[in-house]
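Have the viewer open and follow along.

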Amino acid sequence: MATTLPFVDLKTQFALLEPAIRERMDAVLNHGQYIMGPEIEELEGRLARFVGSRHAVACGSGTDALLMALLALGVGPGDAVFTSPFTFVATAEVVSLLGATPVFVDIDPRTFNMAPEALSQAVAAMRTKDPLAYPLPANYADLAPKAIIAVDLFGLAADYDAIRAVADEAGLPVIEDAAQSLGAGYKGRVAGNLGLIGCTSFFPAKPLGCYGDGGMCFTDDPELDALLRSIRNHGQGRDRYENVRVGINGRLDTLQAAILLAKLDGYPEDIRMRDRVAAGYTELLGDLVPTPVIPEGYTSVWAQYTVMAQNSQERDRIRRALAEDGIPTAVYYPKPLHLQKAFAPCGYSQGVLPVSESASHSVFSLPMHPYVSLESQKVAAQSIRRALAG
Ligand SMILES: *Cc1c(COP(=O)(O)O)cnc(C)c1O
């Protein structure tokens, strides 16, 4: 068996950036402000400029960023939040955690992102309280629409113009789950700043990762910025011992901010390298399997390079062949959220969101990081060709 190529390569990047990372970490060890040290504000300022937002609020994880966004919008029991079932669990988990209910909206089969037409149908079905018009959660009669969380899956932005058209008509705010898409392009704008509040993650394997957990909220709204800052710090008022609302301990560690600052200069080049890797895969695999679709006016940061088999048996066969040749693969996501036990109280049954369900049976992702070699991509193409030949 060939030596296994890493699915995500954090070691090569560390080797390249080690002096800068150690220097930034040493600075924190020397000043000792481990909580809310000066690196936090520096990182917030730089990332706000990077995505083009007026405000950025660093926090403890992508999940905390989503939780803080929902808290800032006052989401709670009795609220319906429209979101995708084809995403990492955190996107919908925070909705249920607050006692609200996710309304799952099916995806576009080409981009895997929320289908705006499906959103429109789901919003209309909630308005008319008609679960025959679109699949709704079991407690739909007791719910009032409150917000939309769109997800930029695999590094590609959702269609925010179309989503916002539906949202505006219904008077609903749009939260952007940009955990996988920080810095992606959408019609001249930058992912992270495509919703009323954008939420990203610095989990190590994300396109811009720290060495632990981390996340950030972005917004142009000064009132939401102030609210998010208060919520991040136990609902703090004017000072630490004035608590004006219920919040969380959602702060980002200063050390993680220091690591991100050391990585940030190289991030645009990382994105260009990921794009070259993706182009290489598409060139080699284009005649074998459906490869990712990047619509006109969009750019991806390639959190994953995801292709499709015809069904789960063929997917198993391809993944086995790749593994034999030292190419690891992963399936994001093998079970859509509406069929997960955690969301059983929502009462969704199999078959109601067919595009997400079909995608969960056919997708698989190939190694993606800036240092994937063309040779290993050729090996991957040969393995897939062999598996398809039978
Ligand atoms: C990773 C991820 C999250 C959660 O981020 P954490 O930093 O791991 O909490 C949320 N949504 C999506 C789409 C993600 O990929």
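Phe-112 counts as buried because its relative accessibility is 6%, and buried means under 20%. Keep in mind as you look that this is a predicted model. You will find Phe-112 in the loop that runs between strand S3 (101-104) and helix H5 (116-128). Its backbone deserves a look too: phi of Phe-112 is near 70°, a positive value in a residue other than glycine.

Positive phi turns up at Met-36 as well, where the angle is near 55° and the residue is again not glycine. Met-36 sits in the loop between helix H1 (10-31) and helix H2 (38-51).

Now let's turn to helix packing. Two packed helices are described by the angle between their axes and the distance between the axes. Helix H3 (residues 62-72) packs against helix H7 (residues 222-232) at an angle of about 120°, and their axes are 9 Å apart. H3 and H7 are therefore oblique to each other, and H3 passes H7 in a right-handed crossing.

One more backbone stop remains. The peptide bond leading from Tyr-332 to Tyr-333 is cis, with omega near 10°. Look for Tyr-333 in the loop between helix H10 (312-324) and helix H11 (354-362).

Conventions. Residues are numbered from 1 along each chain as its sequence is written. This is a predicted model: local features need pLDDT of at least 70, side-chain atom pairs count only at pLDDT 80 or more; totals for chains, interfaces and linings use all residues. Side-chain values use heavy atoms; hydrogens and water are left out. Helices (H or I, at least four residues) and strands (E, at least two) are DSSP runs, numbered from the N terminus. Axes are lines fitted to C-alpha atoms, for helices over the stretch in contact, and angles run from 0 to 180 degrees between N-to-C directions. Angles under 35 degrees count as roughly parallel, over 145 as roughly antiparallel, 65 to 115 as roughly perpendicular and the rest as oblique. A crossing is left-handed if the near helix is turned anticlockwise from the far one by less than a right angle, and right-handed if clockwise. Buried means under 20% relative accessible area, exposed over 50%, partly exposed in between (1.4 Å probe, protein chains only).
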